Amino acid sequence: PGIRLENIWQSIKENVNLDKTTLAEDDDFSFVALAGMGLQYDLTGAVNLYSNYSQGYRPKIFTQAVPIGSNETVNEDLEEGKSWAWDLGIRGNPKDYLTLDVNVFHLIFNDQTGSVSLSDGTTNFQNVGDAEHNGIELSGELDLVGLWDAWQGTQLAENLGSLNTFYNATFMRARFTEGPNDGFIPQYAPEFIQKGGLEYNFKDRAKVSLSGTFVDEHFGNDNNTTQFYIPSYKVWDLQMEGFVYKDMVSIFGS
């Protein structure tokens with residue numbers, strides 16, 4: 001109460017200007033042709049092998065092209081990042097109650113842009129090197145009611161709905177192979193991310209699911225300093241959804 005908006009705005013401008021030693025302007029234009037190819041081979045009507053290859057491009061963004069603080073510097077010869085990704089896998093639903101997807105992947109990311117903490121306390125944005133990511137991805141879903149019906153010859157799903165258990169995971173090893181961060185782990189690249197849980201679905205009229213996500217320890221910067229260490233953590237999520245009036249009104253909560 002009693003604080004004028006223009007006073008708040010003036011305070012914000014002054015703080016920004018005091019922290020910023022020089023104002024900067026940067027223009028950039030890039031034209032990049034990217035290629036990709038995918039192949040699929042049907043083993044059966046419900047299961048297939050697949051493989052994909054694709055190129056990627058990541059231009060420098062504003063916060064990497066222009067320093068925004070007095071303790072930040074940006075290399076003048078900052079290069080855009082380029083990537084090549086390949087995967088090979090098998091997927092399908094061999095049974096009505098079972099869905100599976102397993103694949104291995106290999107990713108090369110050259111001239112990755114990131115921050116390096118220098119000994120004088122400043123942060124320098126630069127091309128921190130070339131990185132490789134190798135790993136495996138798993139995904140599966142099993143309808144327990146459907147499994148019981150197939151095993152016992154019953155039709156409980158028609159009256160009770162479905163009870164699905166699901167699991168998704170990525171296991172990965174990522175390392176810089178060249179550049180100033182050679183041997184370090186790229187930022188936000190945990191060795192595993194796992195998610196699993198249960199979902200009850202009553203004829204698409206009501207759903208309740210409980211899931212847990214488990215993330216391994218990793219770093220928030222590319223030269224793996226202790227102040228950017230992120231410990232492993234878990235997140236539990238309970239969601240509920242259902243129609244309360246015909247097909248027009250539904251409620252959702254989590």
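How many bridges pair strand 6 and strand 7, and in which sense, parallel or antiparallel? I looked it up, bearing in mind that this is a predicted model. The two strands pair over 14 bridges in the antiparallel sense. Strand 7 covers residues 162-178.

**Entry: other partners of strand 6**

Next I checked strand 5, residues 98-117, and found 18 bridges joining it to strand 6, again with an antiparallel run. Ser117 sits opposite Thr123 of strand 6. The two strands make a hairpin that leaves five residues between them. In that turn I noted Gly121, which has a positive phi of about 90°.

Strand 3 (residues 72-74) also pairs with strand 6 (residues 123-143), this time parallel, through three bridges. Val74 has Phe125 as its bridge partner in strand 6.

**Entry: the hairpin of strands 12 and 13**

I then moved along to strand 12 (residues 233-245) and strand 13 (residues 249-253), which run antiparallel and are joined by five bridges. Met240 is bridged to Gly253 in strand 13. This hairpin has three residues between its strands, and Lys246 takes a positive phi near 50°.

**Entry: nonpolar surface**

Met240 came up again when I looked for patches: it belongs to a nonpolar surface patch of about 1,100 Å². Among the other members I jotted down Trp148, Trp151, Leu160, Phe202 and Trp236. Which elements supply at least two residues each? Helix 3 (144-152), helix 4 (156-160), strand 8 (192-202), strand 9 and strand 12 do. Strand 12 gives the largest share, with three residues.

I zoomed in on Trp151, which is located in helix 3. Why does Trp151 count as exposed? Because its relative accessible area is 63%, and the cut-off for exposed is over 50%.

**Entry: Asp216**

Last stop was Asp216, in the loop that links strand 9 (206-215) and strand 10 (218-219). Is Asp216 buried or exposed? I found that Asp216 is buried, yet has no salt bridge. The nearest side chain of opposite charge is Lys234, 9.1 Å away, whereas a salt bridge calls for atoms within 4 Å. Leaving out neighbours within four places in sequence, I listed the contacts of Asp216 as Pro190, Glu191, Phe192 and Ser232.

Methods:
Residues are numbered from 1 along each chain as its sequence is written. This is a predicted model: local features need pLDDT of at least 70, side-chain atom pairs count only at pLDDT 80 or more; totals for chains, interfaces and linings use all residues. Side-chain values use heavy atoms; hydrogens and water are left out. Helices (H or I, at least four residues) and strands (E, at least two) are DSSP runs, numbered from the N terminus. Buried means under 20% relative accessible area, exposed over 50%, partly exposed in between (1.4 Å probe, protein chains only). Lys and Arg count as positive and Asp and Glu as negative; His and the chain ends are not counted. Contact means heavy atoms within 4.5 Å. Two strands pair if DSSP finds at least two bridges between them. Patches are made of residues with over 30% relative accessible area and no salt bridge: like charges are joined within 9 Å, nonpolar side chains (Val, Leu, Ile, Met, Phe, Trp, Tyr) within 5 Å. Accessible areas come from the Shrake-Rupley method with a 1.4 Å probe; for residues, only the protein chains shown count as cover.
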